[in-house]
Amino acid sequence: MEMSDLDRWLAQRYLKGHWDHQPGPPKVQPYLWRWADIYEGLRSAGEVVPMDKTGRRTVQMRNPSLPAGMTHTIHLSVQLVKPGEIARAHRHVAAAIRYVIKGSPKAWTIVEGERFPMEEGDLITTPNWTWHDHYNGSDEPVMWLDGLDARLVAYLGAQFTENFPQEQQPVEKPDGYASKILGTARPTWMKTGFSSPPFRYRWEETYATLLTLKESEGDPFDGIKLEYVNPFSGGPTLPTYSCEVQLLRPREKTRSHRHTSTTVYQAFRGKGTTVVEGTRMEWEQGDLFVVPPWHWHHHENSLDRDVILFCINDWPVMKALGLYREEAQSV
Ligand SMILES: [Fe+2]
Ligand SMILES: [Fe+2]
């Protein structure tokens with residue numbers, strides 16, 4: 001029997017020798033999606049996709065290198081809710097965040113009985129298995145990024161979803177509840193069942209912190225970078241991923257590094273360049289892009305004003321599994 005005969009014999013029985021190398025699963029490639037395209041698609045969806053039939057009106061990023069999704073772990077969509085519309089209440093095991101692109105104090109995400117206003121730049125978490133729905137009570141459309149660990153959860157076979165019995169859940173908590181009980185002076189008698197609490201990180205406060213730190217050294221690879229931490233543990237935003245925001249100062253060029261975690265970015269303010277393995281990804285405000293695992297990358301701000309990137313990084317899951325590795329390019 002020849003080796004090739006054996007390979008064929010094994011293959012017929014859904015077996016394979018270790019010596020018979022086959023291509024692995026597709027690898028995530030860098031890719032950039034233009035805001036102009038996303039917005040145009042979403043605007044048209046606002047005209048032709050009824051909310052009552054779909055429950056959500058989102059345009060999802062599809063990485064051309066993958067059969068589905070933006071990356072193999074974390075995923076971004078952009079959601080549009082028109083005045084008076086409700087995105088109906090449900091919950092799922094995939095943990096989600098909202099990062100508001102166009103908001104209003106009269107638009108809310110309701111999570112576990114608390115309504116969180118959605119103003120531009122706010123980050124709102126809807127952790128694993130928390131009830132959530134959205135309502136736009138303003139006169140203008142609102143839009144936000146939906147970030148989820150859905151690809152990872154689906155791959156691990158742990159995806160569960162449930163609809164709330166009514167279209168909207170009742171609001172049972174006073175406004176500002178989470179920010180009060182999770183402030184620096186906390187109630188002694190309250191215990192929560194959530195290891196990651198639903199929370200709103202207000203842009204006003206985030207931006208003020210970025211500006212306060214502008215004159216400091218900053219992160220060599222990411223400029224003035226903040227992590228949105230879990231208010232209980234001080235650890236990452238959610239068990240599977242960390243939400244982060246970074247300000248690049250005028251003419252700032254960061255050092256290059258690579259890590260086994262995957263990052264998805266949104267250009268929140270201004271325009272600039274991220275160089276990934278020698279390829280220049282020129283981004284403008286609103287664009288979304290992916291930096292895949294173990295790809296050298298650095299950021300450049302060639303403007304005379306600040307630029308801001310929002311990003312989601314899956315390092316928490318990589319570290320939890322002992323798979324995180326990072327390397328800096330020598331200067
Ligand atoms: Fe959801
Ligand atoms: Fe990085």
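Me: Which residue of β12 is the bridge partner of Leu123?

Reply: In this predicted model, strand β8 covers residues 123–126 and is joined to β12 by three bridges, the two running antiparallel. Strands are DSSP runs of E with at least two residues, helices are runs of H or I with at least four, and both are numbered from the N terminus. Two strands pair if DSSP finds at least two bridges between them. Within β12, the bridge partner of Leu123 is Tyr201.

Me: In what order do the six strands of the open sheet stand, and which strands are at the edges?

Reply: The pairing in this open sheet is antiparallel, and the order is β2-β3-β10-β5-β8-β12. A strand at the edge has a single partner strand, so one side of it is left without a neighbour in the sheet. The edge strands are β2 (58–60) and β12 (199–201).

Me: What angle does helix α2 make with β3?

Reply: From one strand of the sheet to the next, the twist averages 25 degrees. Helix α2 (residues 35–48) packs on this sheet and touches β2, β3 (75–81) and β10 (142–148); contact requires C-beta atoms, placed from the backbone, within 7 Å. Axes are lines fitted to C-alpha atoms, for helices over the stretch in contact, and angles run from 0 to 180 degrees between N-to-C directions. The angle between the directions of α2 and β3 is about 45 degrees.

Me: Which residue of β9 stands opposite Trp108?

Reply: Strand β6 (residues 104–111) pairs with β7 (residues 114–118) in the antiparallel sense over five bridges, and Trp108 has Pro117 as its bridge partner in β7. Five bridges also join β6 to β9 (residues 132–136), again antiparallel. In β9, Trp108 stands opposite Tyr135.

Me: Which residue in the turn between β6 and β7 has a positive phi?

Reply: β6 and β7 form a hairpin with two residues between them. The residue in that turn with a positive phi, about 45 degrees, is Glu112.

Me: Is Tyr14 buried or exposed?

Reply: Tyr14 lies in the loop between α1 (3–12) and β1 (31–33), and its phi is positive, about 55 degrees, although it is not a glycine. A residue is buried if 20 or more other C-beta atoms, placed from the backbone, lie within 10 Å of its own, exposed if 12 or fewer, and partly exposed in between. Because Tyr14 has 6 C-beta neighbours inside 10 Å, it counts as exposed.

Me: How many other C-beta atoms lie within 10 Å of Trp294?

Reply: Trp294 is in the loop between β19 (288–291) and β20 (297–300). Its phi is near 60 degrees, a positive value in a residue other than glycine. Trp294 is partly exposed, and the number of other C-beta atoms within 10 Å is 14.

Me: What is the separation between the C-alpha atoms of Asp306 and Glu252?

Reply: Asp306 lies in the loop between β20 and β21 and is partly exposed, with 18 other C-beta atoms within 10 Å. Leaving aside neighbours within four places in sequence, its contacts are Leu247, Leu248, Arg249, Pro250 and Gly270. Asp306 and Glu252 are 54 residues apart along the chain, and their C-alpha atoms are separated by 9.0 Å.

Methods: Residues numbered from 1 in each chain as written. Chains lettered and ligands numbered in written order. Predicted model: local features only at pLDDT ≥ 70, side-chain atom pairs only at ≥ 80, totals over all residues. Contact = placed C-beta atoms within 7 Å.
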